[in-house]
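Colleague: I would like to go through the labels on this model one by one. Tell me what each one rests on.

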Amino acid sequence: MEAGGGKEHFQKQRQVLIFFVLLGIARAGSEPRHYPVAEEMESGSFVANLLKDLGLEVDELAARGPRVVSKGKKVRLHFDRQTGDLLLNEKLDREELCGPTEPCVLPFQVLLENPLEFFQAELRIRDINDHSPVFLDKEIILKISESITPGTAFLIERAQDLDVGSNSLQSYTVSPNSHFHLKLQDNPDGIILPQLVLDKALDREKQPEIRLTLTALDGGTPPRSGTALVHVEVLDINDNAPEFAKLLYEVQVPENSPIGSQVAIVSARDLDIGAYGEISYVFSQASEDIRKTFQINAKSGELLLRQKLDFESIQTYTLNIQATDGGGLSGSCVVFVQVVDVNDNPPELTFSSITSPIPENSPDTVVAVFSVSDLDSGDNGRMMCSIENDLPFLLKSSVENFYTLVSQGPLDRESQAEYNITITVTDLGTPRLKTQHNVTVLVSDVNDNAPAFTQTSYTLFVRENNSPALHIGGVSATDRDAGANAQVTYSLLPPQDPHLPLASLVSINADNGQLFALRALDYEALQALEFRVGATDRGSPALSSQALVRVLVLDANDNSPFVLYPLQNGSAPCTELVPRAAEPGYLVSKVVAVDGDSGQNAWLSYQLLKATEPGLFGVWAHNGEVRTARLLSERDAAKHRLLVLVKDNGEPPLSASVTLHVLLVDGFSQPYLPLPEAAAEPAQADPLTVYLVIALASVSSLFLFSVLAFIAVRLCRRGRAASLGGCSVPEGHFPGHLVDVSGTGTLSQSYQYEVCLMGGSGTSEFKFLKPILPSGLVQDAEQN
């Protein structure tokens, strides 16, 4: 259910994003707004306030991140995000930006983010009268035959004015004279051409030359003007004017043609002979651009390139060529030069915004907004934009060659933290030209990975009786995130057993996970310790994981064997009775001992250290049974004292000793009173030893009294149904506290002893009659 809900939420987010993108494209496709501005205004001048047109309030501007983008790399406008004012970044020269084109329009876009939206607009630059009319030739020479009749019109070089509209050239005037007046003629292109009309016949003999001042006036306020000197030379009679073979020449020239290459050859002929038949070719009404770009051979009429052509700047040229003979008569033709585009401009890529780094796990994030352009035309100016296919990004086309680079699906910083994206823009010309731009996108980390332990569980070993604050091992966890999201802090988790004092036993270093035993551990009290360790990162929200730690306490040989039987309580010694008729191997007694340690530290072995008569008795090393080693004889002493050593298998081994008293008797039919022991030799004991002996004797006496009381109660209960002289044997096993739980070196459950309590006028005593073997052992003995 949670996965389905997350997917539905993701689809809703994507639908909302697509809606805003389509809304931005639809708005961008609407009719652009026009904003007028006069040329030559100072940088920072106010153009317009766009808040109303953008449909935004002042407090929304910062969040939308508006910026002005335009074609090319030069940004001529600035958008004030505080007020919404559109300002100039620099002075604008209309003539430089648009030339003779009117109106002069500079398109631009306002890019809004969050969501992405384009607002199209145009800046219309209004012309001011900042240029005066200029004659390219300061002196215009006219050669006119004296035979020319009045009324003949002579076309003279026009002036140039870079302004447009009413500020452009409007009229001409000529200085007062008696031979000519000025006539203005409009050509199809709207250009005013000045002509001198002859009013009075010329007479070379009277006046061989005439000098006139020609003034050009524009329509600005106040008007500007420019002047040129017209020098009229009066010639002899020439009755045939040159004639061109064609009045219109049309040629196509590739823009990459080298300087000095031939454009065309014009040809005219004159039927006159001599000087009147010699023809020279010159440009007529040629602009400054034409004169800089072309040159004509005055004798041959060959038209040559003077500088490189650039289709992106000028696509066509119209050249007026005049052929003049030696008599002053002339003819003209027009050469129309069409510049053929060559794919000589690679595409240009201009970024409006780049967002890096971007957070991981965020789908459809706008990484960059950019525009592409190509100064060429036709297929040479058509472009394709692409990126590598193996990247989780895609390009989306918007309007006016604008593209957005968007992440395709959520990114994973742990898989790849940095992407180098190469954006390739290729035109469709021949040969194809391309431009590449590399964008480095960094992926910022999001805390989406919990710390991971190197092991799910750890087993540590520590020997008991360790020193406090002992380093016992450590745990380790790693986090695939970065920065604070990857910084791991370790801690002990509350144990499942509320009675376990974990905080007083173990501590952990929060920075590196090292574990320490806070106090000495005792194997006999605590063999194993289990707890969980947590690893938490410092992200927001923090993520964590757990691992199980098992601490095993290793046993140390710190407990000496403890003898359970015979009791060593300082009271009258327990004497074992052995009949003199006992066979070799007769079981005299068994030393029962235990060891609080475990493993080989609890393996006990028994050894007879000292005996009154060596060789008469022996001790089995593994079970502590004391048996006769040979037949007894009358010569053997009646009383024997055996010193048995009980030793464990630890390193170093620990031991304890016990004294066993044995009395040889002829049989069990006569009562026996134990003989008093010889007085022990007085020994000097220190007070501490005395106190210890007294304490041990007290405890042993209490224990023996409890055992005897328990046995007496049991015997009394079972003796009610027996005769007065009968003897009952208690059923059941030997008390459990005398059993060696380790299974080696102590009294086995397989042995019980039959005890008969005798009553009479003489004495009372315990007599050990014989061992009673369990049925299992009897069967085993019979089989053997």
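**Labels and their grounds**

Modeller: Start with Leu235, which sits in strand β14 (residues 225–235). Keep in mind that this is a predicted model.

Colleague: Why is Leu235 called buried?

Modeller: Its relative accessible area is 16%. Buried means under 20%, so Leu235 qualifies.

Colleague: Which residues is Leu235 in contact with, leaving aside neighbours within four places in sequence?

Modeller: Lys143, Ile144, Ser145, Glu146, Arg204, Gly326, Gly327 and Gly328. As for Glu209, 26 residues from Leu235 along the chain, the two C-alpha atoms are separated by 9.2 Å.

Colleague: Gly328 belongs to a hairpin too. What marks Gly328 there?

Modeller: A positive phi near 95°. The hairpin is that of β22 and β23, with 5 residues between the strands.

Colleague: How do you know that strand β22 (residues 316–324) and β23 pair?

Modeller: Pairing takes at least two bridges. These strands have 9, in the antiparallel sense. In one of them, Thr324 has Ser330 of β23 as its partner.

Colleague: And what joins strand β16 (residues 248–254) to β23?

Modeller: 7 bridges, and here the strands run parallel. Glu250 is partnered by Phe336 in β23.

Colleague: Which residues of strand β23 (residues 330–340) make up the covered face, and which the uncovered one?

Modeller: Gly331, Cys333, Val335, Val337 and Val339 are on the covered face. Ser330, Ser332, Val334, Phe336, Gln338 and Val340 are on the uncovered one. In a regular strand, side chains alternate between the two faces of the sheet.

Colleague: Next, the sheet with the order β24-β26-β29-β28. What makes β24 and β28 edge strands?

Modeller: The sheet is open, with 4 strands and antiparallel pairing. β24 (348–354) and β28 (393–397) each have a single partner strand, so one side of each lacks a neighbour in the sheet. From one strand to the next, the twist averages 25°.

Colleague: How many bridges pair strand β26 (residues 366–373) with strand β29 (residues 402–407)?

Modeller: There are 5, in the antiparallel sense. Val369 stands opposite Thr404 in β29.

Colleague: On to the rings. How many aromatic pairs does the search of the whole structure find?

Modeller: It finds 9. Among them are Phe351 and Phe370, with centres 5.4 Å apart and planes at 50°.

Colleague: Why is that pair called tilted?

Modeller: The centres fall within 6.5 Å, so the rings pair. Phe351 is in β24 and Phe370 in β26, so the pair ties together parts 19 residues apart in sequence.

Colleague: Is Phe370 buried or exposed?

Modeller: Buried, at 0% relative accessibility. Ring pairs also link Phe351, Phe370 and Tyr403 into a cluster.

Colleague: What makes Phe453 and Tyr458 an edge-to-face pair?

Modeller: The centres are 6.4 Å apart, within the 6.5 Å limit. The planes stand at 70°, over 60, so edge-to-face is the label. Both Phe453 and Tyr458 are buried.

Note on methods. Residues are numbered from 1 along each chain as its sequence is written. This is a predicted model: local features need pLDDT of at least 70, side-chain atom pairs count only at pLDDT 80 or more; totals for chains, interfaces and linings use all residues. Side-chain values use heavy atoms; hydrogens and water are left out. Helices (H or I, at least four residues) and strands (E, at least two) are DSSP runs, numbered from the N terminus. Axes are lines fitted to C-alpha atoms, for helices over the stretch in contact, and angles run from 0 to 180 degrees between N-to-C directions. Rings of Phe, Tyr and Trp (its six-membered ring) pair if their centres lie within 6.5 Å; planes under 30 degrees apart count as stacked, over 60 as edge-to-face and the rest as tilted. Buried means under 20% relative accessible area, exposed over 50%, partly exposed in between (1.4 Å probe, protein chains only). Contact means heavy atoms within 4.5 Å.
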